[in-house]
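The following note was prepared for a colleague who asked for comments on a ligand site.

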Amino acid sequence: MHDFDWSSIPNALPFLWDGMKISLEITLSAVVFGIVWGTLLALMRLSSVTPLSWFAAGYVNLFRAVPLVMVLLWFFLIVPHLLESIFGFPRGSDMRLSSAIAGFALFEAAYYSEIIRAGIQSVPKGQMAAASALGMTYGQAMRLVVLPQAFRNMVPLLLTQGIILFQDTSLVYVSALADFFGAAYKVGDRDGRLVELLLFAGAVYFVICFTASRIVRYYQNKLKTA
Amino acid sequence: MISMNKVSKHYGAFQVLTDCTTQVQKGEVIVVCGPSGSGKSTLIKCVNGLEPFQSGEIIVNGVSVGAPATNLSKLRSTVGMVFQNFELFPHMSIIDNLSIAQLKVLGRNQEQAREKGYKLLDRVGLREQAEKYPGQLSGGQQQRVAIARALAMDPICMLFDEPTSALDPEMVNEVLDVMTELAKEGMTMMCVTHEMGFAKRVASRVIFMDQGRIVEDDSKEAFFEHARSERAQQFLAKILHH
Ligand SMILES: Nc1ncnc2c1ncn2[C@@H]1O[C@H](COP(=O)(O)OP(=O)(O)OP(=O)(O)O)[C@@H](O)[C@H]1O
Ligand SMILES: [Mg+2]
């Protein structure tokens, strides 16, 4: 039986909090960029311009067919080299955080775009017709009439996807970036208390994600009754 | 005002409109009727280019709807349209529904747009509902708002696609009254409707469609007293006995 010893946690809290800040930073940036790029992809996918809709379909299918951890590795290993050789970035500058954000954002955009596409399609066709009949251009009708309604319906799904993304940020350990999970691992490894630290990290993830999904459910019920 | 010449449209092999030709003069009220699926909605949606058509020509106020160079958005901002299901924007208050296109399409300022909106709400008797949302209004009220929203753009003519057929019977008249009022003021109107009482009171002409063709296009007296085609006679017999 394992003898639990939690004593290394209190001292490590500031370090763990730094890790949590990195996890949250990756999550928030990836959600924001992912939704923006995902919206553009969804609009391309629904567009009547064939090359655009093919490009979007290809993009979405590609990213949904490869494991996330592989995309992250590409971004850690290949993209910094490309940037170095193309833009002359100083060799060895630490781009792991920006690489991680870029990797997550591009990957998540594929998932977001499918949610957003379904959201756009759930808005009755007559809304677009009515907006056009008032003289709005396609862009105005989308921006002012269709997308606001689509996003209103989609908020719970987008947030749920954000929660999944928050959990997935732990995958950045492949680059030895000290996010919350990585920080917990490092402390545990250093003090020989890996089990305790990983249990602690798991509990923190659970509390955050469980609370967040409760909030999403509350919002969802409110939408339904509204 | 509106001139259609041999307008045809098909979906694949299915012919929706065949050689539809008619003229609407300024100030005329045209009622379009016919059995379900005969192409009435399609016909009036061609007028403001919401439905494209493959051949023929439609001229609205001197502008050819089908011509590639035509700025359709600009054309549509001058033609009001009212839909069967109202199609108010549910995420905006009533007054915002009336203002949004004035602001974004006509470039009016907030003050002008709201003033115009309130004036039109007064006119359809819904001034007190201005801050509510569409979901809080009855069907009849929503449709009156939809008419006001179209009028806020100062259209040169109005298109109606079965504006009362989604309404409970007791709300039909409040909408028809607004339309009658509008007709009396000289608005040019094309109305798809099965309200034959409205047609008898207000219409200048009645168009009867069947299987994508304009079968009758005559003064309302001629249409109601001696419709020429058998299809129109059957249709009238059915609808008037309801
Ligand atoms: N997108 C489409 N693809 C194929 N057929 C269509 C499409 N839209 C409409 N149609 C067909 O075109 C015909 C005419 O439709 P339209 O809506 O103009 O009829 P309508 O006279 O307005 O009928 P209703 O009284 O039911 O509103 C119908 O047979 C319909 O099934
Ligand atoms: Mg119809």
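1. For the classes used here, Ala, Val, Leu, Ile, Met, Phe, Trp, Tyr, Cys and Pro count as nonpolar, Asp, Glu, Lys and Arg as charged, and the others, Gly among them, as polar. On that basis, the shell around ligand 1 has six polar, four nonpolar and two charged residues. The model under comment is predicted.

2. The shell around ligand 1 includes B:Pro35, B:Ser36, B:Gly37, B:Ser38, B:Gly39, B:Lys40, B:Ser41 and B:Thr42. Also among the residues around the ligand are B:Tyr11, B:Phe14, B:Val16 and B:Glu162.

3. Polar contacts deserve a separate comment. An oxygen atom of ligand 1 lies 2.9 Å from a polar backbone atom of B:Gly39. In B:Ser41, a polar side-chain atom is 2.7 Å from an oxygen atom of the ligand. For B:Glu162, an N or O atom of the side chain is 3.2 Å from an oxygen atom of ligand 1.

4. Ligand 1 taken alone exposes 640 Å², of which the protein buries 59%. Two or more residues of the shell come from each of strand 2 (14-24) and helix 1 (40-47) of chain B. Helix 1 of chain B gives the largest share, three residues.

5. As for annotation, an unreviewed UniProt entry lists residues 2-236 of chain B as "domain: ABC transporter". This span is 37% helix and 26% strand, and its end C-alpha atoms lie 26 Å apart.

Note on methods. Residues are numbered from 1 along each chain as its sequence is written. Chains are lettered from A and ligands numbered from 1 in the order in which they are written. This is a predicted model: local features need pLDDT of at least 70, side-chain atom pairs count only at pLDDT 80 or more; totals for chains, interfaces and linings use all residues. Side-chain values use heavy atoms; hydrogens and water are left out. UniProt positions are given in the numbering used here, feature names are shortened, and annotations may be inferred rather than shown by experiment. Helices (H or I, at least four residues) and strands (E, at least two) are DSSP runs, numbered from the N terminus. A residue is near a molecule or strand if one of its heavy atoms lies within 4 Å of it. A polar contact is a pair of N or O atoms within 3.5 Å; within protein, one must be able to donate a hydrogen and the other to accept it, and residues adjacent in sequence count only if both atoms are side-chain atoms. Accessible areas come from the Shrake-Rupley method with a 1.4 Å probe; for residues, only the protein chains shown count as cover.
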